[in-house]
Amino acid sequence: MSLFSSIEMAPRDPILGLNEQFATDPNPAKVNLGVGVYFDEDGKLPLLKCVVAAERLMFEAPKARGYLPIDGIAAYDKAVQGLVFGADSAAVSGARVATVQAIGGTGGLKIGADFLKRVNPSAKVLISDPSWENHRALFTNAGFEVDSYPYYDADAKGINFAGMLAALEAAPAGTIVLLHACCHNPTGYDITPAQWQQVVAVIRQRDLVAFLDMAYQGFGDGIAEDGAAVQQFLAAGIDFFVSTSFSKSFSLYGERVGALSVVCESKDEAARVLSQLKIVIRTNYSNPPIHGAQVVASVLGTPELRAMWESELAGMRVRIKEMRVALVDKLKAAGVERDLSFISRQKGMFSYSGLTKEQMVRLRNEFGVYGVDSGRICVAALNNKNLDYVVSSIVKVL
Ligand code: PMP
């Protein structure tokens, strides 16, 4: 009897499983709309020019690789604060924000979850229904009971905002509420600024704990526009959490560049929170890696490189919007009568297309068009070469 004889096979990650199936599909016309990755017009993963330029600077002045501080590169943490909160925000200038470098946005969420478990071990976590697959698993693994608040309204092709608000109003004080700051994954539906105001008000009144997941800043309407919810929380003067990911906005998926920021009531509180975040990091992986964070710090901190990044990010954002509009237009031109204009109003990389599981399975098996069974497609993987094929395939399964 071996130590592992009773270990069961864990289920495959549903989206990565799709990728494996896609890789072995012999259909030459196949299109992968499953994974959450931005591809350029040529169907390639972009390597941003600002990243190459920053790496060139690093190459020209090579440095030895000592351990980083536990909370990461100081200039990086500062740059994250500037981007997320605004460098001249009162919270940042008053040193009321504790920010740590993290292993991607996932790492930021995990550090926050582990810290919250120390702060309020019996708190419940509420995530949107539906949410990014990993939210539930991550907070469950951190020891929390995870429940959901209503979000997607399939019939209305929109958000069940009344249901969302009612769930928050009914939540006990201390409940941790995971919110997508912008570009909701998987649905693509974001609440409006006026609705955010109501959410912030309930969170303040009910003493809930807001945890904003910001994995797509710049992919919706712009860097500042996508950060508007954060500004509302700042203005409300409450403590809250923000996880940041640069995987998409810098196309640095494999470098694992992210952060966690905790907005506190005072400078002294932020210092104490930071000391605890460092314990969480120290006892998990000791300290973070250098390369990706150095690239991002250098780009954000060098005016020419930053301008380059903002324009490259805008390029990705605009191309996605164009693909949304083209998808809607071409489906209409192909004779589809139902109103699909919601696709062009959704934000970010994804669209809940409204297609059923059966239709998604047919798209995959008969046409090699891979999306998620929920109907989620990655609009950021569409381009002018594969669009007509995707449209004609969708028309055949409708
Ligand atoms: N949150 C959301 C909503 C995401 O979609 C993702 C990535 N798919 C993440 C967090 C994690 O980002 P990262 O890859 O930087 O860990």
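Helices (H or I, at least four residues) and strands (E, at least two) are DSSP runs, numbered from the N terminus. I am working on a predicted model, where local features need pLDDT of at least 70, side-chain atom pairs count only at pLDDT 80 or more, and totals for chains, interfaces and linings use all residues. Residues are numbered from 1 along each chain as its sequence is written.

**Backbone checks**

Most residues other than glycine have a negative phi, and most peptide bonds are trans. S286 has a positive phi near 75° and is not a glycine. I placed S286 in the loop between α11 (267-282) and α12. Is S286 buried or exposed? It counts as exposed, because it has 10 C-beta neighbours inside 10 Å. My cut-offs: 20 or more other C-beta atoms within 10 Å of a residue's own make it buried, 12 or fewer make it exposed, and in between it is partly exposed, with C-beta atoms placed from the backbone.

R256 also has a positive phi, about 60°. It sits in the loop between β9 and β10. R256 is buried, because 20 other C-beta atoms lie within 10 Å.

Next I noted the cis bonds. The D129 to P130 peptide bond is cis, with omega near 0°. P130 belongs to the loop between β3 (124-129) and α6 (133-141). The N185 to P186 bond is cis too, with omega near 20°. P186 is in the loop between β7 (176-180) and α8 (193-205).

**Strand β10**

I then followed β10, residues 257-263. Seven of its seven residues are buried. On one side I found V257, A259, S261 and V263 buried, and on the other G258, L260 and V262. Which strands pair with β10? Strand β2 (residues 97-103) runs antiparallel to β10, with seven bridges. Strand β9 (residues 240-245) is antiparallel to β10 as well, over six bridges. Pairing here requires at least two DSSP bridges between the strands. I picked out two bridge partners: I103 goes with V257, and S245 goes with G258.

**Ligand shell**

S245 and G258 came up again around the ligand. Others in the shell include G36, W132, H180, N185 and D213. A residue is near a molecule if its C-beta atom, placed from the backbone, lies within 6 Å of it. Helix α5 (residues 104-119) gives the most to this shell, with three residues. I sorted the shell into two nonpolar, nine polar and one charged. For that I counted Ala, Val, Leu, Ile, Met, Phe, Trp, Tyr, Cys and Pro as nonpolar, Asp, Glu, Lys and Arg as charged, and the others, Gly among them, as polar.

**Helix α12**

Nine of the 11 residues of α12 (residues 291-301) are buried. Among them are G292, Q294, V296 and L300. The cover includes α2 (49-60), α3 (74-85), β2, β10 and α13 (303-333). Contact means C-beta atoms, placed from the backbone, within 7 Å.

**Y370**

Last, I checked Y370 in strand β12 (residues 369-370). Y370 is buried because it has 24 C-beta neighbours inside 10 Å. Leaving out residues up to four places away in sequence, Y370 touches L18, F22, V31, N32, L33, G34 and R364. From Y370 to V97 I read 41 Å, C-alpha to C-alpha, across 273 residues of sequence.

Technical notes. Contact = placed C-beta atoms within 7 Å.
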